[in-house]
Amino acid sequence: MLIDTHAHVNFNAFKNDGEEVIKRALADNVWLVNVGSQYSTSARAVKIAQQRERGVYAAIGMHPIHLGSEKFQTSVDKNEEVEFETREEEFSREKYEALISHPKTVAVGEIGLDYYHNISNKEQQKKLFLEQINLAAEHQKPIIVHCRDAHNDVLEILEEKQKEYGNRLRGVVHSFSGRLAQAERYVKLGFYLGFNGIITFARDYDKVISNVDLGNLLTETDCPYLTPVPFRGKRNEPLYVKYVVEKLAEIKNLPVEKISEATFENARELFNI
Ligand SMILES: [Zn+2]
C-alpha cells in the first residue's frame, strides 16, 4: 500500500476526470488525502472523501495566498511553469468548523506561511496560520503545513505553540524545502516531512532524506503540480506517488517495500486512519 498524503484532485485540473483518477489510484493500492487551499476546495475535498468508505480522505484549510486576489506565476523548472489566480477569502472559523467535524476530515491544511509569493502581508499570514493551528489543536487534528521561504518563522510559531498544546499539535511539513538543521528542528517537534516528485529531478534534498529517520517521512504528489520523472511536463496524479517512493528507496539505500510500508504506517498514525 502507498499513500499520497497531499493531492489536489479537488482542484479544477481534475474537474472532468477526478473520479477516474481516484479509481486508478485505489485500484493500484494508492490511498490519498485531498488537501484544500480555501473554503471551496476544502468543501470539495470533503465531498469527494464522503463518496468512499476508505482510502480517500480530506484536509481542510486556508492557504496564505488566499489572503489576496492575485495572479501568480510559479516556476519549478522549464518543464513546469504554473500560472494561477487566487480568489480572496476572509477566514471564517464557523465554516471550517463545519467541515472539520466530518469523519473523513483527517487534518487542517494546507496552512502556513508563503513569503515567496507574497512577503508584504507577513503579519496577516501569521495571524491566519495561528487561528488554524488553534482550530486543529482544539479538534485534535494534525496540520498540513505549506512553507515557502519562511521556515524560521514557521518553526518559531510551532515551537511556541507546542508549549501550549504539547503533542496535540502535530503535523507534516509538506513539500519540504528547508535545510537539514531546519528538518531536525521539525523532527524534534515530532513533525513529519513530506516529499514529492521534486526529489526525482532535483538533488537538493538528498542530504535531508539520508539523515532524517524513515519514521519521520511521508510521501505525496502535490498533484496536479510537481510531476515526477518520467512524466515531467504532464499533469501529475496520485498514482505517480510510486516514483517518489522509488526515489526515497534509492536515496536511503533501502528496499522499496520497506519505504512503502513505513511511509504508509506513518501516514496512518498521523492522520488516524
Ligand atoms: Zn498543495
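Reader: Which residue is the bridge partner of alanine 58 in E6?

Author: This is a predicted model, in which local features need pLDDT of at least 70 and side-chain atom pairs count only at pLDDT 80 or more, while totals for chains, interfaces and linings use all residues. Residues are numbered from 1 along each chain as its sequence is written. Helices (H or I, at least four residues) and strands (E, at least two) are DSSP runs, numbered from the N terminus. E3 and strand E6 (residues 105-114) run parallel and are joined by three bridges, and in E6 the partner of alanine 58 is threonine 105.

Reader: What is the order of the strands in the open sheet?

Author: Two strands pair if DSSP finds at least two bridges between them. The edge strands, pairing on one side only, are strand E1 (2-7) and strand E10 (217-219). The open sheet has eight strands with parallel pairing, in the order E1-E2-E3-E6-E7-E8-E9-E10.

Reader: How many helices and strands does the protein have, and why does it count as compact as a globular protein of that length?

Author: The secondary structure comes to ten helices and ten strands. The radius of gyration (over C-alpha atoms) is compared with the globule rule, 2.2 Å times the number of residues to the power 0.38. For 273 residues the rule gives 19 Å, and the protein is close to that, so it is as compact as a globular protein of that length, with a radius of gyration of 17 Å.

Reader: Is leucine 67 buried or exposed?

Author: Leucine 67 lies in the loop between strand E3 (56-60) and strand E4 (71-77). A residue is buried if 20 or more other C-beta atoms, placed from the backbone, lie within 10 Å of its own, exposed if 12 or fewer, and partly exposed in between. Leucine 67 has 20 other C-beta atoms within 10 Å, so the residue is buried.

Reader: Which residues is leucine 67 in contact with, leaving aside its neighbours within four places in sequence?

Author: Contact means that C-beta atoms, placed from the backbone, lie within 7 Å. The C-alpha atoms of leucine 67 and asparagine 121 are separated by 8.6 Å, although the two are 54 residues apart along the chain. Leaving aside those neighbours, the contacts of leucine 67 are Asn121, Gln124, Gln125 and Leu128.

Reader: Which residues of H9 are buried?

Author: Helix H9 covers residues 241-252. Just after H9, asparagine 253 takes a positive phi of about 55 degrees. Within H9, the buried residues are Val241, Tyr243, Val244, Val245, Lys247 and Leu248.

Notes
Contact = placed C-beta atoms within 7 Å. Expected span 1.5 Å × (residues − 1).
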